[in-house]
Amino acid sequence: MSTDTQTGSDATLSAEEIAELQARVDDLESELSEVRTEVDDDTKKMVIIATKGTLDMAYPPLILASTAAAFGYDVTVFHTFWGLEILHEENSKNLKLSSVGNPNMPVPNAIAALPGMDRMTTRMMRNKIADNDVASVEELIEVSLESGVDLQACQMTIDLLGYDEGDFYDGVTTGVGAASAFQEMVDADIQLLV
């Protein structure tokens, strides 16, 4: 018996059954394509939430972001509340260092609370940064943006502080809210709050 003879009427499919099988094949091919895309897209994602705007707290999110980008991560840094000062082009050049309540300052709190001490400790830190050839905040922002880091400014905080979108470095993403930041965190491999 030939193969054609064996298939007979038992193997005959109706047009409806063929359409159902074709639809199932299409669904499986679509699923396979999605899985392949997920497997092929092995780019890791990092999201950092920056909430503080002092000189010493500007460095961690920018250093981590630019380093992660150099290692191939897709990086987003969402700046909210005082963290927004880091992205403010004018204010970022004048970030201060608080000496009161900072356990790593070589100054007791009683002395740190004296007038002018924050200005002095800020100047000391800026000198130390310059003496050690550490990048400035402005340089780290530039490197981050050039590396593809998405530096985001919280729109609610922009409104709260009365800033304009033009107050920020070129390349900073504005008009972003907490819901967008949350969605970015959900999709990220690494989430940090700084």
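Trainee: Let's begin with charged side chains. How many salt bridges does the structure hold?

Mentor: The general idea is that side chains of opposite charge can pair when their charged atoms come close. In this predicted model, the structure holds two salt bridges.

Trainee: Which residue forms a salt bridge with Asp74?

Mentor: Lys45 does, and the closest N and O atoms of the two are 3.5 Å apart. Asp74 sits in strand E2 and Lys45 in strand E1 (residues 45-50), so this pair ties together parts that are 29 residues apart in sequence.

Trainee: And which residue pairs with Glu184?

Mentor: Lys45 again: Glu184 forms a salt bridge with Lys45, with the closest N and O atoms 2.7 Å apart. Here the pair links distant parts of the chain, since Glu184 is in helix H8 (residues 178-187) and Lys45 is in strand E1, 139 residues apart.

Trainee: Are Lys45 and Asp74 buried, or partly exposed?

Mentor: Relative accessibility is what you read for that, and under 20% counts as buried. Lys45 is at 13%, so it counts as buried. Asp74 is at 36%, so it counts as partly exposed.

Trainee: Why is His88 called buried?

Mentor: The cut-off for buried is under 20% relative accessible area, and His88 is buried because its value is 7%.

Trainee: What is His88 in contact with, leaving aside its neighbours within four places in sequence?

Mentor: His88 is in contact with Tyr163, Asp167, Phe168 and Tyr169, once those neighbours are left aside.

Trainee: Can we do that for a residue in a helix? Where is Ser66?

Mentor: Ser66 has its place in helix H3 (residues 55-70). With a relative accessible area of 12%, Ser66 is buried.

Trainee: And what does Ser66 touch, not counting residues up to four places away in sequence?

Mentor: Ser66 touches Leu140, Val143, Ser144 and Val149. Take Val143: it is 77 residues from Ser66 along the chain, and their C-alpha atoms are separated by 6.7 Å.

Trainee: What about the backbone of Phe81: what is its phi?

Mentor: Phe81 has a positive phi of about 45°, although Phe81 is not a glycine. Asp133 is another case to look up: its phi is near 55°, a positive value in a residue other than glycine.

Trainee: Where is Asp133, and is it buried or exposed?

Mentor: Asp133 is in the loop between helix H5 (117-131) and helix H6 (137-146). Asp133 is exposed, with a relative accessible area of 72%.

Trainee: Now the charged patches. Which residues form the negative one?

Mentor: The negative surface patch is formed by Asp26, Asp27, Glu29, Glu31 and Glu34. Glu34, one of these residues, is in helix H2 (residues 15-40). Glu34 is partly exposed, at a relative accessible area of 49%.

Trainee: And which residues form the positive patch?

Mentor: That patch is made up of Lys96, Arg119, Arg123 and Arg126. Lys96 is in the loop between E2 and H4, and Lys96 counts as partly exposed at 49% relative accessibility.

Terms used
Residues are numbered from 1 along each chain as its sequence is written. This is a predicted model: local features need pLDDT of at least 70, side-chain atom pairs count only at pLDDT 80 or more; totals for chains, interfaces and linings use all residues. Side-chain values use heavy atoms; hydrogens and water are left out. Buried means under 20% relative accessible area, exposed over 50%, partly exposed in between (1.4 Å probe, protein chains only). Contact means heavy atoms within 4.5 Å. A salt bridge is a side-chain nitrogen of Lys or Arg within 4 Å of a carboxyl oxygen of Asp or Glu. Helices (H or I, at least four residues) and strands (E, at least two) are DSSP runs, numbered from the N terminus. Patches are made of residues with over 30% relative accessible area and no salt bridge: like charges are joined within 9 Å, nonpolar side chains (Val, Leu, Ile, Met, Phe, Trp, Tyr) within 5 Å. Accessible areas come from the Shrake-Rupley method with a 1.4 Å probe; for residues, only the protein chains shown count as cover. Lys and Arg count as positive and Asp and Glu as negative; His and the chain ends are not counted. The place of a charge is taken as NZ of Lys, CZ of Arg, CG of Asp or CD of Glu.
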